[in-house]
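Keep the structure open next to the text as you read.

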Amino acid sequence: YKVDYGRFDEGKICELLKKRLQWIKKNLSKDSLTFVNLRDFSDAMASYPQRVWKVGNFLSSLPAGDRILGIMIEDLGKYDKDHLGGWTKAIRSEMKRCGWEDGHLLVHVHEQWGLVQGNVLEMLAMGGTGIWAGICSEGAALGHADSCTTILNLIRLGNTKVLNNGINCQYLREAAINVTKIVTTEKPFERQPVYGERATDMVFGFVFDQINN
C-alpha cells in the first residue's frame, strides 16, 4: 500500500491503534469486543518481524481495562505450515509473556497451493485459539480455509471441545452446501472435500457418527 515505514514506523502504528481503540470505547461501547487484524502478517514476519513483534507487544501489554478481545492473523496462502506454525507460536508466546493469557488469537488462511487446511490446523495446534472464516470456501481469489472443513477435521482428529460449545456440528456440511448455492447459484464443486457431492456421508460416516455419539 506504499506505506513509508521510515515515517510511519511501529511507534506511530501503535499510537494510531491506541487512538482508534480509545475512540471505539468512547463512541461505541466501553465493553466492545474488539479484534485487531494483522492482514499482511506472513509477509511482515518473513521480512520485518520486528514490526509484528512491536505491535503484538503493544497490544499484549495494554492495561487490563483497555485490552481488546484478541488479535487476528492472516496468511494469503504463500507460506508453508512450518513457517506459519512457528510464527503463530511466537505471537502466542509474546501474549503469554505479557500476561495476556486469555487473549484470543484467531487465524485466517487463503487458498493458493492446496495446503490451506493443513496450514490452518498447524496454526491452531501452535497457539491459535480459533478461526475466522466463512462456512464454505468461497471467497476472495481462490477462497480460504472454510470453517466447515476445519471444524470437521478437528473432530476427525479427536477434538471434543467443538462438540460441546453450542455449534450444531451435524448441520455444518448442509450449511456449507446451502451458502455455496446462495453465493454462486451453483452446487459446490463435486470433488470439494467434505461437502462436495462425492464427499458423501458414507465416506465421512465416522465423523458424523462421532458427532451423534
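Predicted model: local features only at pLDDT ≥ 70, side-chain atom pairs only at ≥ 80, totals over all residues.

## Strands around β3

Residues are numbered from 1 along each chain as its sequence is written, and side-chain values use heavy atoms, with hydrogens and water left out.

Strands count as paired if DSSP finds at least two bridges between them. β3 and β4 run parallel, paired over two bridges. On β3's pairing with β2 (residues 70–75), the sense is again parallel, over six bridges, and E74 sits opposite H108 of β3. What about the burial of β3 (residues 104–109)? Five of its six residues are buried, so the strand is largely enclosed by the rest of the structure. (Buried is under 20% relative accessible area, with a 1.4 Å probe and protein chains only.)

## Crossovers

From β2 the chain goes through helix α4 (residues 81–97) to β3, a right-handed β-α-β crossover. Right-handed means that, with the strands pointing away from the viewer, the path from the first strand over the helix to the second runs clockwise. β3, helix α5 (residues 116–125) and β4 form a right-handed β-α-β unit too.

## The largest pocket

A pocket is an open set of points on a 1 Å grid over the protein atoms alone, where a 1.4 Å probe fits, with protein on both sides within 12 Å along at least five of seven lines; lining residues have an atom within 4 Å of a point. Volume is the space filled by probe spheres set on the points, which are joined across faces, edges and corners.

The largest pocket comes to about 670 Å³. It is lined by 21 residues, and Y5, I13, L38, R39 and D40 are the closest to its centre. α2 (41–47) is among the elements that supply at least two lining residues, and α2 gives the most, with four.

## The second largest pocket

This one has a volume of about 300 Å³. Its lining has 13 residues, with L124, T129, L154, N159 and V162 closest to the centre. β4 (130–131) and α6 (147–156) each supply at least two lining residues, and α6 gives the most, with three.

How values were computed
Buried < 20%, exposed > 50% of the residue type's maximum accessible area, 1.4 Å probe, protein only.
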